[in-house]
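Biologist: Hey, I'm new to this one. Could you walk me through it?

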Amino acid sequence: MAPDLNSLTPSSVIPNTAPTTPAVNGTRGTNGAASSPAGPSGAKKPNILYIMADQLAAPLLKMYNPKSQIKTPNLDALAANAVQFDSAYCPSPLCAPSRMSMITGLLPLKIGAYDNAAQISSDIPTYAHYLRLAGYHTVLAGKMHFVGDQLHGYETRLTSDIYPGDFGWVVNWDEPDTRLEWYHNASSILQAGTCVRSNQLDYDEEVLYKSTQFLYDHVREGPDARPFCLTVSGCFFSSILDVRAFPIHRPSNMALGFPHSSP
């Protein structure tokens with residue numbers, strides 16, 4: 001297991017460190033690594049909002065395809081004031097390996113993330129580890145397909161995962177023809193059509209609610225609050241495409257980027 005960052009000696013280049021107070025049940029603790037919202041030069045660090053969605057195809061978004069019939073006013077507004085990548089590709093066609101690659105910066109082969117039941121070692125650093133050392137409050141809302149360790153550098157997790165956090169996805173090779181009732185099968189094709197409600201839609205609404213509440217709570221803390229990196233990760237996020245969802249007006253110190261979506 002990787003050491004808890006709160007047990008590490010704060011970097012000498014990050015001023016105004018504060019005593020350690022762990023984050024419990026979604027509360028905002030003070031990370032012993034750094035508590036000042038300002039960087040070494042005194043400039044205020046930007047907040048980071050990282051939005052991830054499974055079912056989001058770049059060629060169908062207006063920011064990439066002006067002829068698209070899909071209306072995405074919030075995403076369009078965010079993209080107009082953000083960095084936009086034109087040549088970014090998923091490192092794996094499967095959800096979990098692609099996510100593990102994104103958070104570690106390493107190819108799935110390097111970290112042993114071969115399928116959705118793969119467990120990456122807790123001693124592999126993620127961007128959440130690095131940002132915490134830089135004084136950020138790293139927060140995860142939504143799915144990430146973690147097996148075992150449910151944080152991997154995140155200080156706070158606002159929701160549980162929607163899928164098993166254990167090896168329930170692993171095939172029983174003693175009975176290779178036996179498939180669990182809830183596991184992938186052809187039902188998604190045979191039952192294709194308009195979906196009024198599903199557990200994924202229920203989950204996405206919870207993720208968006210918790211994320212929005214976190215942003216309000218951050219503002220309530222005032223100008224001296226630690227900078228945050230909030231990762232918002234869902235299945236479909238149809239609500240984000242609606243103008244009523246995440247407000248597009250943001251503090252001037254919030255950085256936004258549009259990486260590729262994971263499969």
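Biologist: Which residue is the bridge partner of Val139 in S5?

Modeller: That's Leu230. Before we go on, this is a predicted model, where local features need pLDDT of at least 70 and side-chain atom pairs count only at pLDDT 80 or more, while totals for chains, interfaces and linings use all residues. Residues are numbered from 1 along each chain as its sequence is written, and side-chain values use heavy atoms, with hydrogens and water left out.

Biologist: Okay, and which way do S3 and S5 pair, parallel or antiparallel?

Modeller: Strand S3 (residues 137–142) and S5 run in the parallel sense, over six bridges. Strands are DSSP runs of E with at least two residues, helices are runs of H or I with at least four, and both are numbered from the N terminus. Two strands pair if DSSP finds at least two bridges between them.

Biologist: What about S1 and S5, how many bridges there?

Modeller: Six, again in the parallel sense. Ala53 stands opposite Gly234 in S5.

Biologist: Is S5 enclosed or open?

Modeller: Seven of the seven residues of S5 (residues 228–234) are buried, so the strand is largely enclosed by the rest of the structure. Buried means under 20% relative accessible area, exposed is over 50%, and partly exposed is in between (1.4 Å probe, protein chains only). Phe228, Leu230, Val232 and Gly234 point one way from S5, with Cys229, Thr231 and Ser233 pointing the other way.

Biologist: Switching to the cores, which residues touch the most other members in the largest one?

Modeller: Met100, Ile103, Tyr127, Met144, Phe146 and Tyr154, out of 18 residues in that nonpolar core. Strand S1 (47–53), helix H2 (95–104) and helix H4 (127–133) each give two or more residues to this core. By nonpolar core I mean a set of buried Ala, Val, Leu, Ile, Met, Phe, Trp, Tyr and Cys residues joined through side-chain atoms within 4.5 Å.

Biologist: What does Ile103 touch?

Modeller: Leaving out residues up to four places away in sequence, Ile103 touches Ile120, Pro125, Thr126, Tyr127, Met144 and Phe146. Contact means heavy atoms within 4.5 Å. There's also a second, separate core of 14 residues, including Leu49 and Leu215.

Biologist: And where does His145 sit?

Modeller: His145 is in the loop between S3 and strand S4 (156–157). His145 has a positive phi of about 60° although it is not a glycine, and is buried at a relative accessible area of 3%.
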